[in-house]
Amino acid sequence: MAVLENCEPKRVFHYFEEICKIPHGSGNTKQISDYLVQFARDHELSWYQDASNNVIIRRPASKGCELAPTVILQGHCDMVCEKKPGSSHDFTMTYWNLMDAKLNGNQESLERALTHYHFTVGQFWDEKKNLFRSDYDFLMNTSIALTLCFSLRDAGEIIPAELKEDIRFRLRGIAAYLPTYTTALTNNADLRANNQDSFASLALALISEELKDAGIRANALVKFRQILAKTQQSFWIEGGVDVGYQSVGEPAFAAAADILWDNLSFSEKKKVADLGLNNIIGNGYGLENARSTSWIRNTGARAFSAA
């Protein structure tokens with residue numbers, strides 16, 4: 001059943017939902033362009049598609065209107081993809097396409113995910129600096145790192161071997177960059193940056209597990225310990241920043257703690273436990289929940305304690 005099946009007018013929302021299934025951010029218009037061409041073919045309409053993915057579809061005039069002036073309806077194939085700072089939302093839905101391919105055997109989803117990956121690398125990867133470049137390199141690289149790590153973890157068996165090696169190469173570049181990113185957390189007493197550093201700590205921890213690299217894990221611990229040393233209460237209360245940061249900062253802190261738990265000292269574990277058990281790591285995502293559901297690890301969860 002379609003999500004918008006009962007919305008009126010039904011045909012309008014039918015096509016709206018079909019279009020929403022297709023990632024079509026600026027610069028990523030090939031798939032939506034091909035969809036429009038297929039629409040024209042299915043309805044026996046003439047069409048033209050150029051090398052830039054622009055599409056013109058022509059519909060003959062209704063009977064009796066053949067001599068009326070031509071009407072042109074123009075619109076964008078792409079959309080502006082915007083998200084809150086710190087959000088790890090993946091507009092190309094790489095992870096979910098891979099999971100659809102794995103769980104449902106959908107070959108189109110696999111091809112879509114691989115196409116999106118190659119597009120992202122081709123469009124944003126800086127060969128000289130070995131990282132993805134944008135107006136905000138830090139958030140882009142942490143977001144991509146999470147997507148790639150989870151994709152390898154959960155759907156690695158359907159990703160071609162040579163592509164997995166390419167992904168690991170990009171992850172190593174990201175892992176080299178993240179420790180060099182300085183925030184207010186290390187510059188002064190302002191804790192607005194603890195959310196960003198939590199995000200970086202989680203990305204580094206996940207990369208270290210995927211690459212089995214002790215040096216990257218050590219960098220993840222450095223980031224995590226910087227946060228832990230200064231955190232006394234909710235990130236929201238301490239930082240006073242947009243809630244979008246907190247919504248990823250606190251869960252990222254909890255998840256990083258889960259991965260790095262065995263490397264923490266007794267006193268560090270106790271502080272993490274105290275923060276979590278007092279429901280200070282909040283936002284509806286307590287540390288207890290993060291550890292008991294073991295959403296990061298495939299193995300069973302450990303009992304939550306400071307031991």
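What follows takes these features in turn.

A: This is a predicted model, where local features need pLDDT of at least 70, side-chain atom pairs count only at pLDDT 80 or more, and totals for chains, interfaces and linings use all residues. Residues are numbered from 1 along each chain as its sequence is written, and side-chain values use heavy atoms, with hydrogens and water left out.

Q: How are two packed helices described?

A: Two packed helices are described by the angle between their axes and the distance between the axes. Axes are lines fitted to C-alpha atoms, for helices over the stretch in contact, and angles run from 0 to 180 degrees between N-to-C directions. Helices (H or I, at least four residues) and strands (E, at least two) are DSSP runs, numbered from the N terminus. Here, α5 (residues 137–155) packs on α6 (residues 161–177) at about 145 degrees, with the axes 10 Å apart.

Q: Which residues of α5 and α6 make the contact?

A: Contact means heavy atoms within 4.5 Å. From α5 come D137, F138, N141, I144, A145, L148, C149 and L152. From α6 come K164, I167, R168, L171, I174 and Y177. For classes, Ala, Val, Leu, Ile, Met, Phe, Trp, Tyr, Cys and Pro count as nonpolar, Asp, Glu, Lys and Arg as charged, and the others, Gly among them, as polar. The contact of α5 with α6 has 10 nonpolar, 1 polar and 3 charged residues.

Q: Is N53 buried or exposed?

A: Buried means under 20% relative accessible area, exposed over 50%, partly exposed in between (1.4 Å probe, protein chains only). N53 has 15%, so N53 is buried. N53 sits in the loop between β1 (46–49) and β2 (55–58). Not counting residues up to four places away in sequence, N53 touches T29, K30, S33 and C77.

Q: What is the volume of the largest pocket?

A: On a 1 Å grid over the protein atoms alone, a cavity is a set of points where a 1.4 Å probe fits but cannot get out, and a pocket is an open set with protein on both sides within 12 Å along at least five of seven lines; lining residues have an atom within 4 Å of a point. Grid points are joined across faces, edges and corners, and a volume is the space filled by probe spheres set on the points. The largest pocket has about 1200 Å³. Of its 31 lining residues, I57, R58, I72, L73 and Q74 are closest to its centre.

Q: How many cavities of 30 Å³ or more are there?

A: The search of the whole structure finds 1. The largest cavity holds about 50 Å³. Its lining divides into 8 nonpolar, 2 polar and no charged residues.
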